[in-house]
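Please keep the 3D view open as you read.

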Amino acid sequence: MKKIKYLSFILLATSIVFLLAGCTETATPYETNNKDGYSVSVKFDANGGTFTTNTSVIVDSFNVDDKSQVALIAPDDSRRSNDAFKATKNGHFLAGWYRECIETTDESGKKIYSYSGKWDFENDVLKVDKDKTYSADTPALTLYAAWIPLFEIEFYSLESGDLVDTLKYNPTDAKAIEIPAWDEETGAIEMYDFPKREGYTFNKAFYDAEGTNELTGETLTHPGSVNEENATATDPILKLYVDWHEGEWYRIYNVDQFKESASLTGNYELFADLDFNDEIWPTTFVYGNFSGVIKGNGHTIRNVNVTQTNNSKVNAGLFGYITDTANISDVNFENITFTIKAGTRKVGTSFGLFAGTISDKAIISGVNILNGHLQIDSSCYFAVDDYSIGLVCGMGDASKLSTAQIDCTAVGDSPEIVKITENGNAVTVDFEK
């Protein structure tokens with residue numbers, strides 16, 4: 001039996017690509033191959049793409065004096081070297097390597113490619129006649145990269161029908177497309193590969209514009225497919241219709257989530273009761289202008305103890321100022337204590353157990369305060385008369401709350417010097433000398 005002379009792919013492929021990148025005008029890869037006796041060549045044409053070697057072609061060459069068939073390996077096969085020659089094309093994925101590539105143009109002048117004869121690197125072999133005289137500059141086989149535009153997922157607003165964003169998807173990737181899911185540790189939504197929409201939070205997605213066929217489960221399978229026979233794509237675009245919540249939303253299951261996500265513009269939906277015993281109510285709420293949303297779903301926030309100690313803040317309460325755009329609904333506040341301890345010289349100061357000030361345009365519905373305690377510390381010093389204290393709120397419409405079980409008492413070292421008068425929601429405080 002004759003010995004088969006066959007150059008290993010690892011050494012050969014590396015040397016050929018080097019020649020492509022650095023050969024002189026009189027030393028082409030094919031001339032070098034002929035000189036070295038490797039007369040049968042196979043060319044891989046990136047066909048509009050680029051290999052990792054910054055070349056558009058790589059060549060494998062063989063000595064087939066005693067060999068009638070040759071098994072090929074793909075350019076990106078790891079057996080070639082530590083840096084396999086992966087081909088890429090911007091905005092496309094590789095469907096495979098094909099023996100035939102026919103280029104035509106459509107009416108607009110756009111190039112159209114059709115392919116046939118996909119090479120199966122597991123089973124196909126290159127058959128050659130060992131007695132034939134070959135010339136290396138005429139490849140025995142050329143394999144062309146077949147490129148298909150990346151599949152897409154188009155996201156439309158369920159409400160308006162407008163296109164919001166587009167996700168490019170490579171169907172050759174092994175990973176599934178993960179559907180957005182709420183993170184119970186942070187309370188925020190994890191979007192995974194789905195695009196974010198500025199100023200909005202994902203709620204649900206549907207396959208239809210009517211919102212009847214909801215996207216469910218943990219992952220999404222793109223319906224697109226590739227016909228391997230001719231490298232054509234079917235159903236490359238998936239349309240999804242998304243229901244968005246305006247603003248940045250959090251799903252709250254525990255106190256830590258509520259505290260860590262505390263924001264004056266945040267939007268919160270409660271999925272559990274929150275017990276603030278030995279916990280600190282977010283200071284940003286106590287003095288800030290709250291313009292977000294709290295959707296309580298009938299849950300209760302209990303055992304909150306807040307002490308107002310800042311002389312420079314105009315409004316203070318569980319919420320400093322509840323603005324025009326705020327919406328607080330279907331939530332109970334139970335066993336709440338708000339203590340006014342710091343004196344103030346600030347004209348226009350407003351204090352209340354629920355809020356310093358409630359805007360007339362704020363939406364408050366189904367909100368109940370049960371066992372509320374407004375406390376005035378005897379160390380307070382009000383140097384001006386232009387301040388407001390209320391059981392529910394210092395300024396605004398206290399009747400927005402459904403229930404307000406709140407008492408007002410004096411505390412501190414000398415509670416006897418504090419005279420408190422209640423008139424509905426309004427509280428008047430006099431300090432006896």
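Strands here are DSSP runs of E with at least two residues, and helices are runs of H or I with at least four residues, both numbered from the N terminus. This is a predicted model, in which local features need pLDDT of at least 70 and side-chain atom pairs count only at pLDDT 80 or more, while totals for chains, interfaces and linings use all residues. Residues are numbered from 1 along each chain as its sequence is written, and side-chain values use heavy atoms, with hydrogens and water left out.

**Pockets and the cavity**

On a 1 Å grid over the protein atoms alone, a pocket is an open set of points with protein on both sides within 12 Å along at least five of seven lines, whereas a cavity is a set where a 1.4 Å probe fits but cannot get out; lining residues have an atom within 4 Å of a point. Grid points are joined across faces, edges and corners, and a volume is the space filled by probe spheres set on the points. For residue classes, Ala, Val, Leu, Ile, Met, Phe, Trp, Tyr, Cys and Pro count as nonpolar, Asp, Glu, Lys and Arg as charged, and the others, Gly among them, as polar.

The largest pocket has a volume of about 550 Å³. Its lining has 29 residues, and Ala74, Asp76, Leu94, Gly96 and Trp97 are the closest to its centre. Strand β6 gives the most to this lining, with five residues. By class, the lining of the largest pocket has 13 nonpolar, six polar and 10 charged residues.

The second largest pocket has a volume of about 420 Å³. Of its 18 lining residues, His92, Lys110, Trp147, Ile148 and Pro149 lie nearest the centre. Strands β7 (111-118), β9 (141-149) and β18 (232-234) each supply at least two residues, with β7 giving the most, four residues. This lining divides into 11 nonpolar, three polar and four charged residues.

**Salt bridges**

A salt bridge is a side-chain nitrogen of Lys or Arg within 4 Å of a carboxyl oxygen of Asp or Glu; by this rule the count comes to 10. Here are some of them:

| Arginine 79 | Aspartate 77 | 2.8 Å apart |

Lysine 259 lies in helix α3 (residues 255-260) and glutamate 279 in the loop between β22 (274-275) and α4 (283-287), so their pair ties together parts that are 20 residues apart in sequence. Elsewhere, salt bridges that share partners join Asp273, Arg302 and Glu334 into one network.

For accessibility, buried means under 20% relative accessible area, exposed over 50%, and partly exposed in between (1.4 Å probe, protein chains only). Lysine 168 is exposed at 51%, whereas glutamate 152 is buried at 16%. Aspartate 77 is buried as well, at 18%. Lysine 259 is partly exposed at 29%, and glutamate 279 is partly exposed at 30%.
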